[in-house]
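Below is a plain report on the fold, the helix packing and the core of one protein model. Please have the sequence at hand while reading.

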Amino acid sequence: VRETAVECLGLAGQSEHLEAAAKLLSDPDPFVRVKAIYAVSFLTKKQGADRIAPLLSDPHPFVRHIGLSQIDYPEARAHAAAVAGLLRDPEQKVRVSAVRVLGTMGAVESQEAIRAFLEDPDPLLLMVAVAALGNLGAPENAATIRPFLTAEDTNSTAELRRRPTEPGREV
């Protein structure tokens with residue numbers, strides 16, 4: 001019931017519900033925490049990074065992943081170090097989100113760590129790393145990205161196109 005209640009408070013869009021929703025960021029149920037992340041993000045109009053960032057170290061990978069998705073904006077750059085720490089997360093979806101978020105934040109200080117993913121065998125991580133470096137906009141990244149213009153898609157986007165996104169549906 002807490003999960004549904006916090007979701008409804010977030011959807012109500014009234015800032016007076018923020019504190020009640022924020023209290024559930026520490027709920028013992030990870031799915032309640034996820035809904036609380038969404039509610040806080042919605043109620044603060046994506047300015048709740050200071051409240052959400054502690055959940056980047058949550059023991060549940062889905063909570064970390066959703067936490068990243070809701071601090072995916074340049075104004076949350078103060079949390080770039082915490083995001084960069086997730087580049088070594090054991091969960092692939094968390095690493096992918098961390099690379100993407102660092103690019104969106106404009107965390108130029110993370111360029112070298114992001115470049116390391118250009119050698120990753122996972123095609124999704126590779127594509128997200130290229131995009132993140134492009135988002136950072138540093139001139140030296142153009143030279144790093146340029147070779148990918150002629151790269152064979154043998155182990156990258158071709159594989160992604162074969163991955164189902166939903167049962168029976170291809171990318």
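The model is predicted: local features need pLDDT of at least 70, side-chain atom pairs count only at pLDDT 80 or more, and totals for chains, interfaces and linings use all residues. Residue numbers start from 1 along each chain as its sequence is written, and side-chain values rest on heavy atoms, with hydrogens and water left out.

**Overall make-up**

The protein holds 11 helices and 2 strands. Helices (H or I, at least four residues) and strands (E, at least two) are DSSP runs, numbered from the N terminus. The order from the N terminus is α-α-α-α-α-α-α-α-α-α-α-β-β. Of the 171 residues, 46% are buried; buried means under 20% relative accessible area, exposed over 50%, and partly exposed in between (1.4 Å probe, protein chains only). The accessible surface comes to about 9100 Å², and 57% of it belongs to carbon and sulfur atoms. This area comes from the Shrake-Rupley method with a 1.4 Å probe; for residues, only the protein chains shown count as cover. Contact means heavy atoms within 4.5 Å. Among contacts between residues at least 6 apart in sequence, 59% join residues at least 24 apart.

**Helix packing**

Two helix pairs are set out here. Axes are lines fitted to C-alpha atoms, for helices over the stretch in contact, and angles run from 0 to 180 degrees between N-to-C directions.

| Helix pair | Axis distance | Angle |
|---|---|---|
| Helix 3 (residues 30-43) and helix 5 | within 9 Å | roughly 5 degrees |
| Helix 1 (residues 2-12) and helix 3 | 8 Å | about 10 degrees |

Helix 1 and helix 3 are therefore roughly parallel to each other, a term for angles under 35 degrees; over 145 counts as roughly antiparallel, 65 to 115 as roughly perpendicular and the rest as oblique. On the helix 1 side, the contact includes Val 6, Leu 9 and Leu 11, and on the helix 3 side Phe 31, Ala 36 and Phe 42 are among the partners. By class, this contact has 9 nonpolar, 1 polar and 4 charged residues. Ala, Val, Leu, Ile, Met, Phe, Trp, Tyr, Cys and Pro count as nonpolar, Asp, Glu, Lys and Arg as charged, and the others, Gly among them, as polar.

In the other pair, Pro 30, Phe 31, Arg 33, Val 34, Ile 37 and Tyr 38 of helix 3 meet Phe 62, Val 63, Ile 66 and Gly 67 of helix 5. Here the classes are 8 nonpolar, 1 polar and 1 charged. Helix 5 is mostly covered, with 7 of its 9 residues buried. Arg 64 is one of the buried residues of helix 5, and the buried residues pack against helix 3, helix 4, helix 6 and helix 7.

**Core**

The largest nonpolar core has 47 residues, of which Leu 68, Ile 71, Val 83, Val 99, Leu 102 and Ile 114 touch the most other members. Such a core is a set of buried Ala, Val, Leu, Ile, Met, Phe, Trp, Tyr and Cys residues joined through side-chain atoms within 4.5 Å. Its largest share, 8 residues, comes from helix 9.

**Two single residues**

His 79 lies in the loop between helix 5 (61-69) and helix 6 (80-85) and is buried, at 15% relative accessible area. Ala 113 sits in helix 8 (residues 111-115) and is partly exposed at 33%.
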